[in-house]
Amino acid sequence: NKAVVCAVSASYISTFAGYPLDSIKSRLQTIRTPITIHSLAAQVYREEGIVGFYRGLWIPLMTISFVRAASFTIYTSTKEYFRDHHLLAHNTLLNVASTGGIGGALSGSLISFGSAPFELVKVRRQLEYSIAASKGLRIIKAPGTMDAVREIFRTYGLGGLYLGFRLHFVRDTVGTGLYFFEYDGLRHLMGRLQSGEQGPTPAWMPVPLSTVPFLCGSLAGVTSWALIYPLDVVKTKVQQRALAGEQRRGTWETLRRLIRGPDPNAPKPILTGLTRLYRGLGVSALRSITTHGLLWTFFDLTAGYIDRLPVINRSNEENAT
């Protein structure tokens, strides 16, 4: 499957490039006192070294093959099903975007069952120092990934790997659906043909053809992520409290406290709360531009390379032998 090969190879590059920003994003979402991105990055480097930015990296690198392969298989198969059954078949912006969105939502919902445990462990690794601080502990030597897995098992059992799963499921379903809805819609606007090949760009956006995947991937990644960002903040906060052994709070209670503060008798201004809810969005947007832009750029480059490979005619080979 050409789409799977392209997606997996491009994902390794984009994941490695964007992971330090993802690590900073997780810390910004859970830190209690306001801090600038530069100050937080300097603090991470001072306390943990360069490895602190890549803590838990091997988890997404290990799972990216499964996640991307399964995700793109479901996404492309859904679009092929719609095409073969003449559903949303007209080459219009709404139809093209809708088939991509439905394929993305189905992909995100199914993949979430397998990706949730790995993301929880990744969050546990990224927030090790803040979780230890909330317990009144000081880490001398950071535990490894398997140590984190064993601790989750020891504390919560097998079900512990699915802490915060409902939020993870909704985030991935809605987020992936929005992402592919926007990406396919943008590629249609930028002149992609029904065959999948890139045609001339419109007169109102005369950009080089080679930059189209990066532009569409970056814009789809940033806007879809911005829409579901508050849900990701709540998910990370719920998981952090559970991993730290603190009293559990429901989704709505967590959201209310993030926006209005812990004291119901002295609520914070809504604007202040919303600012906190979107803390880390800037670095997250930069991560989305990097990862999704590179993902689709290398996806198209790999697809083009495969298309240019010489076709082996098996019948001629057999006759020659």
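I looked up Arg27 and found it buried, because its relative accessibility is 9% (buried means under 20% relative accessible area, exposed over 50%, partly exposed in between, with a 1.4 Å probe and protein chains only). The model is predicted, so I noted its limits: local features need pLDDT of at least 70, side-chain atom pairs count only at pLDDT 80 or more, and totals for chains, interfaces and linings use all residues. Residues are numbered from 1 along each chain as its sequence is written, and side-chain values use heavy atoms, with hydrogens and water left out.

Glu48 forms a salt bridge with Arg27, and the closest N and O atoms are 2.9 Å apart (a salt bridge is a side-chain nitrogen of Lys or Arg within 4 Å of a carboxyl oxygen of Asp or Glu). Helices are DSSP runs (H or I, at least four residues), numbered from the N terminus. I recorded Glu48 as buried too, since its relative accessibility is 10%.

**Other salt bridges**

Side chains of opposite charge can pair when their charged atoms come close. I counted 19 salt bridges by this rule. One of them joins the side chains of Asp22 and Lys25, at 3.6 Å from N to O. Both residues lie in helix H1, three residues apart, about one turn of the helix. Asp22 and Lys25 are both buried.

I then checked Arg256, which forms a salt bridge with Glu253, the closest N and O atoms being 3.1 Å apart. The two are about one helical turn apart because they stand three residues apart in helix H9, residues 251-260. Arg256 is partly exposed, at 29% relative accessibility. Glu253 is also partly exposed, with a relative accessible area of 30%. I also traced a network: salt bridges that share partners join Asp22, Lys25, Glu119, Lys122, Arg171, Asp172, Asp232, Lys235 and Arg287.

**Aromatic rings**

I found 18 aromatic pairs in the structure. Rings of Phe, Tyr and Trp (its six-membered ring) pair if their centres lie within 6.5 Å; planes under 30 degrees apart count as stacked, over 60 as edge-to-face and the rest as tilted. Phe72 and Tyr75 are edge-to-face, because their ring centres are 6.0 Å apart and their planes stand at 85 degrees. They both lie in helix H3, residues 58-84, three residues apart, about one turn of the helix. Phe72 and Tyr75 are both buried.

Trp296 and Phe299 make a tilted pair, with centres 5.1 Å apart and planes at 55 degrees. Both sit in helix H11, residues 281-308, three residues apart. Trp296 is buried at 3% relative accessibility, and Phe299 is buried at 13%.

**Nonpolar cores**

A nonpolar core is a set of buried Ala, Val, Leu, Ile, Met, Phe, Trp, Tyr and Cys residues joined through side-chain atoms within 4.5 Å. The largest has 19 residues, and those with the most contacts inside it are Phe72, Tyr179, Phe180, Cys216, Trp296 and Phe299. Helix H1 (2-30), H3, helix H7 (165-189), helix H8 (212-243) and H11 each supply at least two of its residues. Another core lies apart from it and has 13 residues, including Ile59, Ile131, Ile152 and Ala242.

**Arg124**

I looked up Arg124 in helix H4, residues 93-126. Arg124 is buried, with a relative accessible area of 7%. Its side chain makes a polar contact with the side chain of Glu151, at 2.8 Å (a pair of N or O atoms within 3.5 Å; within protein, one must be able to donate a hydrogen and the other to accept it, and residues adjacent in sequence count only if both atoms are side-chain atoms). Leaving aside neighbours within four places in sequence, Arg124 is in contact (heavy atoms within 4.5 Å) with Ile131, Ala148, Glu151 and Leu243.

**Ser218**

Ser218 lies in helix H8 and is buried at 7% relative accessibility. A polar atom of its side chain lies 3.2 Å from the backbone oxygen of Ile289.
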